[in-house]
Amino acid sequence: FIGSSRVADVLKQQHPQPHRLRSVLGLGAKNPAIVLGDAELSLTVSECVAGALSFNGQRCTALKIIFVQESILDSFLEKFVQEVERLKFGMPWEAGVKITPLPEPEMPARFAQYMQDCCNKGASVLNVCGGTINGSYFHPAVLFPVSSGSALYSEEQFGPLVPIVAFRDVSEPIEYVVNSPYGQQASLFGQDPNVLARLIDPLVNQVCRL
């Protein structure tokens with residue numbers, strides 16, 4: 001079932017023996033990517049761009065916020081923005097197009113509000129033409145640094161906005177996941193199996209899919 005946790009609860013209550021049901025709770029989606037300092041940069045950037053912007057970011061399983069360790073922050077931002085700026089935009093039936101107009105005409109204005117709120121609270125749009133609106137088309141916007149006080153930090157955008165947050169210690173993104181009301185999935189990028197194992201252990205009890 002794809003939908004909100006609220007609707008899932010309603011459906012479960014309609015079962016004649018709801019406590020006999022086996023369920024996995026998605027708890028909505030503000031899916032974080034956690035990029036560690038030893039991540040292989042080219043692969044990580046490619047996967048994060050695809051994860052955040054495939055289908056205009058309008059997927060439950062899209063990456064909705066990206067945490068990047070400070071030691072590789074500058075390199076990650078540079079490569080990420082370059083990759084986003086190479087994405088072809090146009091109509092969905094055109095060859096090679098990755099970014100298209102949105103199916104809901106009211107969505108660009110909503111995304112613009114998120115973007116403006118971020119910028120009012122210290123973020124910048126890093127990519128050329130980020131946030132440009134043309135009818136129902138909203139050009140992807142890469143935002144950094146996104147503060148905890150901005151709506152985009154904690155609310156699911158469901159669209160082509162990519163909030164990026166720097167972190168020093170891995171306890172910071174873990175704390176974000178623990179304190180978040182969401183719990184669908186999280187993504188890890190790194191190469192040290194010992195470090196990854198220490199992240200996997202707490203995260204598998206916080207999200208449905210890792």
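User: Which residues touch the most other members of the largest nonpolar core?
Analyst: In this predicted model, they are Phe67, Phe138, Leu143, Tyr153 and Leu161, in a core of 28 residues.

User: Which elements give two or more residues to this core?
Analyst: The contributors are β2 (65-69), α4 (107-120), β6 (141-144), α5 (151-154), β7 (161-167), α6 (171-179) and α7 (193-203). Helix α4 supplies the largest share, with 5 residues.

User: What does Leu143 touch?
Analyst: Leaving aside residues up to four places away in sequence, Leu143 contacts Met115, Cys118, Cys119, Ser124, Val125, Leu152, Leu161, Val162, Pro163 and Ile164. Another core, of 27 residues, lies apart from the largest one and includes Ala39, Val49, Ile66 and Val162.

User: Back to α4. Which of its residues are buried?
Analyst: The buried residues of α4 are Met107, Pro108, Phe111, Tyr114, Met115, Asp117 and Cys118. Their cover includes β3 (124-125), β4 (133-134), β5 (137-138), β6, α5 and β7.

User: What span should α4 have, and how far apart are its end C-alpha atoms?
Analyst: With 14 residues at 1.5 Å a residue, α4 should span 20 Å, and its end C-alpha atoms are 20 Å apart, so the two values agree.

User: What phi does Gly122 take, just after that helix?
Analyst: Gly122 has a positive phi of about 105°.

User: Now the surface. Which residues make the nonpolar patch of about 230 Å²?
Analyst: Ile200, Val204 and Leu210 form that patch. Of these, Ile200 is located in helix α7.

User: Why does Ile200 count as partly exposed?
Analyst: Its relative accessibility is 35%, and partly exposed means between the 20% limit for buried and the 50% limit for exposed.

How values were computed: Residues numbered from 1 in each chain as written. Predicted model: local features only at pLDDT ≥ 70, side-chain atom pairs only at ≥ 80, totals over all residues. Heavy atoms only, no water. Core = buried A, V, L, I, M, F, W, Y, C linked by side-chain atoms within 4.5 Å. Buried < 20%, exposed > 50% of the residue type's maximum accessible area, 1.4 Å probe, protein only. Helix = DSSP H or I, 4+ residues; strand = E, 2+ residues; numbered from the N terminus. Contact = heavy atoms within 4.5 Å. Expected span 1.5 Å × (residues − 1). Patch = residues over 30% accessible without salt bridge, like charges linked within 9 Å, V, L, I, M, F, W, Y side chains within 5 Å. Areas by Shrake-Rupley, 256 points an atom, 1.4 Å probe, with all protein chains shown as cover. Salt bridge = Lys/Arg side-chain N within 4 Å of Asp/Glu carboxyl O.
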